[in-house]
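User: I'm new to this one and would like a close look at a single part. Could you walk me through it slowly?

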Amino acid sequence: APKAIKPLPPAQDLVYLYDGSMAGFFCCVFRSVYEKEMPGAIWLVYEAQPTMYVQREIETEPDKAERVRRSIPEKIGRRAQELIEAVFLSCLEEKELAMLRFLLLGYQEGRRTLWLYGHPDVHPLLAAEKHLGGEVHLLKGFIRFSDYDGVLGATISPKNFVLPYLASHFAGRYSEERFIIFDKVHKAALIYEKGQSKVVPLEGIEFPEASEEEQQYRALWKRFYNTIAIAGRENPKCRRTHMPMRYWENMLEVSDLLEQHKSINAQKYVE
C-alpha cells in the first residue's frame, strides 16, 4: 500500500515579512523549518498591513538562503527547484505561502511529492507554472517592436513576471540588434546590447516619437493584417480565444479595435 501522506501542521497566528527576493523567501523557509513554525501568511515587508497576527520580519542571510536552495534538488529533486523558480515569478495569489507549504511537504515526502498532482499543496504550483509558461509562449508571438533610431523598443502588460523567460528567445532572434522590452505592470525592463541581456527595475519609460520611416512601416503592417483577413470567415470570439484582449493594447494591428470595443461597451452601459 502507498505510504500515507502526513498532513502539515496547522497555520499559526503569525505573519512572516520578507524583502521580496528569492534569497529572502528561502530565509523564510529556513525559519519555518528550524523553528517549527507554520505562518498564516508571508508578506512583502513594504506592503505589510496592520493585523492582529504577530508580524515577524525575516532577515535575508545569504548562507541560510544557500542552504535552503541546495536542499531542494537534494531532497525533492531538480524539477522541484525549477517549479519553485517559476512560481516565484508567477501571479499566483499568496504564492510565498503556497511555495513554503510545497517545500515543507517535499521535505517530508521526498521525490514522490511532484507525483502528487492532486494534492492541495502541489496542484496550485503546477497550475501557476503552466499559466506562466502559456503567457511566455503567447508573448513570443505578440510582442511588437518599433525602431527608435536603431534601438528596438516594445511594451508589454503581462500578469506574470515573464522577462527572464523571454530573454534567450529574443536575444537569439535579434542577436545583432539592440532592444528593450518594458514590462509596465512589474516596472522592469529587459535590455539587450552587444550580446548581453539583463533585467533591470524601471519605473517607466518614454519612447521617442516614431520617425517617418517607422510610421510608414506601421501603416504597412496594419494594411497587411487587414488585407489578409477574409471577411466571410471573421470570427471575433475565436480571435479573442487565440489572441486574448488583454494583449491588444500593445499590438499595433488591433489596438484600434480595442478602443472601438471599449467605446461600444461604454455606450451599452450608458444605454
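Where is Thr113 found, and what surrounds it there?

Analyst: Quick background: this is a predicted model, where local features need pLDDT of at least 70, side-chain atom pairs count only at pLDDT 80 or more, and totals for chains, interfaces and linings use all residues. Residues are numbered from 1 along each chain as its sequence is written, and side-chain values use heavy atoms, with hydrogens and water left out.

Now to your residue. Thr113 sits in the loop between α4 and α5 (123-142); helices here are DSSP runs of H or I, at least four residues, numbered from the N terminus. Thr113 counts as buried because its relative accessibility is 0% (buried means under 20% relative accessible area, with a 1.4 Å probe and protein chains only). Setting aside neighbours within four places in sequence, Thr113 is in contact with Ile76, Phe102, Leu105, Gly106 and Val122 (contact means heavy atoms within 4.5 Å).

Phe102 leads us on to the core. The largest nonpolar core has 67 residues, and Phe102 is among those with the most contacts inside it, along with Phe25, Ile143, Leu166 and Ile181. Such a core is a set of buried Ala, Val, Leu, Ile, Met, Phe, Trp, Tyr and Cys residues joined through side-chain atoms within 4.5 Å. Helix α4 (residues 95-109) gives the most to this core, with eight residues. As for Phe25, leaving out residues up to four places away in sequence, it touches Tyr18, Phe88, Glu96, Met99, Leu100 and Leu103. In soluble globular proteins, nonpolar side chains tend to be buried together.

Methods. Buried < 20%, exposed > 50% of the residue type's maximum accessible area, 1.4 Å probe, protein only. Helix = DSSP H or I, 4+ residues; strand = E, 2+ residues; numbered from the N terminus.
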